[in-house]
Amino acid sequence: MLSLRFRNLKVSSEVLNKAGLSLLIFILSSCGGGTQVAGGVGTGGTGVVAGTVTGFGSLVMDGIAYNSATPRYAAESTTQPSVPVTAMKVPLGGQLNIQTDARGNPVSVWINPALVGLVTSVNPMAGTLTVNGMEVVVNSTAPSLPNTFFIGYAGMGAIQLNDMVQVQGVPGVTASGTPFVQATLIKLMPGNLPFTRVSGPLTQWNPSQNTFTVNGIPFSFNASTRFSSPFSNQTLGVGALRNGQWVNIWSQTPSGTTPLVAGSLQVSTVLPGMSGNITLSGLVSAVQGNQFQVDGVLVNGINQGGVTAGQYVTLKGVIDSTTGEVSVQTLTPYIQTPVTLSGTISEFISTGNFVIRGTPVITNSGTVLTSANGTAAPLSALQENAYVALQGTLQGNMVLASSITVYPSPPVDEVVDYLGKVSQYNPSQGTFTLTPFSGSPQQVTLSAVASFSNGTVANLVNGTLVEVEATAASPQTLSAYGVSFWNITNPNLPSGTLEISGVVYDYVLGGNSFDLNGLHLVFGSGVSLPSGFGNGDNIDVLMTPSGSQYQVNAIAQEDSN
């Protein structure tokens, strides 16, 4: 039987080295403060957190909110296992590793998929699929587990054989000892991705031959392969690896190639000699008396009786430097609560379809709208750039809002998201004016941790169309920590233009339509498609209503991460 003692808790040494940070391992304490629209900002004690994104406002991890404005963000790309990205790349259902400072504010965030590869089997009735030799389990009904969110799919039934997908989730083990990944997010990816990600127990480890196997997939490694541990800012020697360790491998080799060449291998283990405190969420396994594992990490749960294999829990504990075992301080079983989202409506299609913090939202006749003072709010209060806080439930690739509170203006220090044109840019001061498609101009100052996607700071010039994620210093004064360029060549479109971004699905090569965030879009006359346009592409779109349809007027590709 394969041991799942080790799981990738994943604050990558590579990411931390690039950010110029040292990894501190102490505990993250409780959160408080803010406007309480979706929890508060983390306070108290440095630490490491690993878990699932369950909402935004700022960044909600397993029901606890952390400040999303303070960290640097990283994710894989087509050429490297970790590159700087903006906070807007963090998805609902994503698996994150967060390092916090002494005030409890995140310093670094790593978005860490478990698998990227082709779907080789799929069973919609059972809610399972296979990717890179690993069984993936989807949850849509069990209240004791996070529900699986989808991007680029309407739901489980839309997944097809040979689709290229990204899976984010936590490792588990069946009663018979078979490993699997419990999916918290499944995202459709472009079919021609030049890289692969594989997670699973290490087997056939042969350092003399530079070979090993994971999930039955043969790998080789070379002098360029980076071996790391999430608990050290030092790379590991090959002597630290053992069969049975859960590993997470990024390979710049297309899926299906044999053998895959490991570009980066992260071993998930609490090595002897490491100490400090840790907070993590995941599945319980290998229960033996007061000892068990959470996401493959060995735990001593003295006075924590009652845990059972397969439970999703959140624990805080202390690492024993001699054994690497974690002693539990607190342990909380997962209880499904509504998704929480707060922020500005950045992509308003209608009162029944809009986007908050990159997450598509729908409403129905049962959605309750209130104003900030508790009185009933009209449906017309939902509009572009309105600041709202909502609760809802996952509906495949959207959130169905059950209740929405509409604020007269963004509360100070809360997170907002605006799309508009840049003007009066002052590079020496890092300031500019952002004029949204609708609403008042915003005065923007780039924060010290500002990051960019689909371009660099050199692309920030007057006339550029950008989306910014920022904190509201006042109603029209922003501190931006994320800037994403909309690389659309003709943003000078008529009144009534709508903007939308997301992952393409249900496109047939040579056809004139596709789906995006639950909407059916048709190409307008003379629209130029990006090279290689197809299902799984991240795109930005400017469009106008045309009868019961939406006509695409301009389109551009985004980074694939």
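I take buried to mean under 20% relative accessible area, exposed over 50%, and partly exposed in between, with a 1.4 Å probe and protein chains only as cover. With that settled, I looked up Val107: at 22% relative accessibility, Val107 counts as partly exposed.

**Ground rules.** I am working on a predicted model, where local features need pLDDT of at least 70, side-chain atom pairs count only at pLDDT 80 or more, and totals for chains, interfaces and linings use all residues. I number residues from 1 along each chain as its sequence is written, and my side-chain values use heavy atoms, with hydrogens and water left out.

**Whole chain.** I found one helix and 43 strands in the chain; helices (H or I, at least four residues) and strands (E, at least two) are DSSP runs, numbered from the N terminus. Of the 561 residues, 60% count as buried. I noted an accessible surface of about 20,500 Å² for the chain, with 52% of it belonging to carbon and sulfur atoms; these areas come from the Shrake-Rupley method with a 1.4 Å probe. I then looked at contacts, meaning heavy atoms within 4.5 Å. Among contacts in the chain with a separation of 6 or more, 65% are between residues 24 or more positions apart.

**Strand E9.** Back to Val107, which is found in strand E9. Five of the six residues of E9 (residues 106-111) are buried, so this strand is largely enclosed by the rest of the structure. E8 and E9 make a hairpin with five residues between them, and Gly104 in the turn has a positive phi of about 85 degrees. I also checked Val107 against Thr70: they are 37 residues apart along the chain, and their C-alpha atoms are separated by 6.1 Å.

**Cores.** Next I looked up nonpolar cores, which are sets of buried Ala, Val, Leu, Ile, Met, Phe, Trp, Tyr and Cys residues joined through side-chain atoms within 4.5 Å. The largest has 42 residues, and those with the most contacts inside it are Leu96, Leu382 and Ile404. Apart from this core lies another of 21 residues, among them Ala114, Val138, Met156 and Ala183. Not counting residues up to four places away in sequence, Leu96 touches residues including Val49, Leu59, Met61, Val109, Trp110 and Ile111.

**Barrel.** I traced a closed barrel of five strands, running E34-E35-E36-E38-E37 with mixed pairing. The twist averages 55 degrees from one strand to the next, where axes are lines fitted to C-alpha atoms and angles run from 0 to 180 degrees between N-to-C directions. E37 (residues 465-474) and E38 (residues 477-485) pair in the antiparallel sense over eight bridges. Ala472 has Leu478 in E38 as its bridge partner.

**Thr544.** My last stop was strand E42 (residues 538-546), where Thr544 has its place. Is Thr544 buried or exposed? It is buried, with a relative accessible area of 14%. Its side chain makes a polar contact with the side chain of Asn553 at 3.2 Å. For me, a polar contact is a pair of N or O atoms within 3.5 Å; within protein, one must be able to donate a hydrogen and the other to accept it, and residues adjacent in sequence count only if both atoms are side-chain atoms. Thr544 also touches Gly496, Thr497, Gln549, Tyr550 and Gln551, among others, not counting residues up to four places away in sequence.

Terms used. Pairing = 2+ DSSP bridges.
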